[in-house]
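Hi everyone, thanks for coming. I'd like to walk you through one structure today, starting with its core and then moving on to a pocket. Let me put it on the screen.

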Amino acid sequence: MSDQPSTLPTSEVWESGEAYEPYVGRWSRLVAPEFLSWLAMPTRAHWLDVGCGTGALIQAILDRWSPAEVVGIDPSSAYIAYARRSIGDPRVRYEVGDARSLPVSSSYDAVISGLVINFVPVPDQVKAAREMVRAARIGGTVAAYVWDYAGEMQLMRHFWDAAVALDPAARELDEGVRFSLCQPDTLAALFRRAGLSAVETRAIDVPTTFRDFDDYWLPFLGGQAPAPGYAMSLDEDHRVALREKIRAALPIEPDGTIHLIARAWAVRGVR
């Protein structure tokens, strides 16, 4: 692919819940219950979900933890609209807002965030973590999870390993390179710096089983998030070359299925 200079997207696009769900939303929904079980919060708790997106964590809370209240905040009005359509429970309230300046008081039993904090610009990640701490009551839990982009978030690793092999400039967008926060030691350090005590981390692995190659590949054509954004920045010939290089590397079973795993790193602490 060296005959075509890379056209690298300059910003993340987060505008369509319909595109996000088949890409990684469906796998985040598998992580969410494991993450919440680890937190072991009581029923009737007051929850704040920072960067609620399409509602994976909110739905899991409603399904198993009988909350008194859940507030979902996200900077994307489109994601808020998607979550509101999908989850109309009267215990849930949504607001458009920024993780670096949360429009809430210090009253929540649990302040959580899924797949968000690494997307906060590096100078502001401590600020966002401190805002999560501020929103929790004294003794409350603050917790988050992110993908293991550099390791066992395998659907993305297959994509970027192929992309960089064909186009070294694509390394600029590889989340495994960009998001050094997404490791247990750096997550724990961030939470301690934000003022939390009893900080712990753990890995959460979930299966990502694809019916066939199209089930794996088509979500990358949604144009949303770094990998799909890169795929759709290519012309057709180069996109086909990328597709076929990925196909050749994937562990495709005789029946066409593809069995990978997605690892998330989770972190928690107490205010």
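Okay, let's begin with the largest nonpolar core, which has 97 residues. Which of them touch the most other members? Those are Phe 35, Trp 47, Trp 147, Phe 159 and Tyr 216. And if you're wondering which helix gives the most to this core, that's α1, residues 17-39, with ten residues. Keep in mind that we're looking at a predicted model.

As general background, nonpolar side chains in soluble globular proteins tend to be buried together.

Let's zoom in on Phe 35. Setting aside neighbours within four places in sequence, Phe 35 is in contact with Leu 57, Ile 112, Ala 143, Ala 144, Tyr 145, Ile 204 and Ala 266.

The largest share comes from α7, with four residues. By class, you get nine nonpolar, four polar and three charged residues in the lining.

One last stop: Gln 125, which sits in helix α4. Buried or exposed? Gln 125 has a relative accessibility of 9%, so it counts as buried, since the cut-off for that is under 20%. Apart from neighbours within four places in sequence, Gln 125 is in contact with Ile 117, Asn 118, Val 120, Leu 181 and Leu 190.

Note on methods
Residues are numbered from 1 along each chain as its sequence is written. This is a predicted model: local features need pLDDT of at least 70, side-chain atom pairs count only at pLDDT 80 or more; totals for chains, interfaces and linings use all residues. Side-chain values use heavy atoms; hydrogens and water are left out. Helices (H or I, at least four residues) and strands (E, at least two) are DSSP runs, numbered from the N terminus. Ala, Val, Leu, Ile, Met, Phe, Trp, Tyr, Cys and Pro count as nonpolar, Asp, Glu, Lys and Arg as charged, and the others, Gly among them, as polar. Buried means under 20% relative accessible area, exposed over 50%, partly exposed in between (1.4 Å probe, protein chains only). Contact means heavy atoms within 4.5 Å. A nonpolar core is a set of buried Ala, Val, Leu, Ile, Met, Phe, Trp, Tyr and Cys residues joined through side-chain atoms within 4.5 Å.
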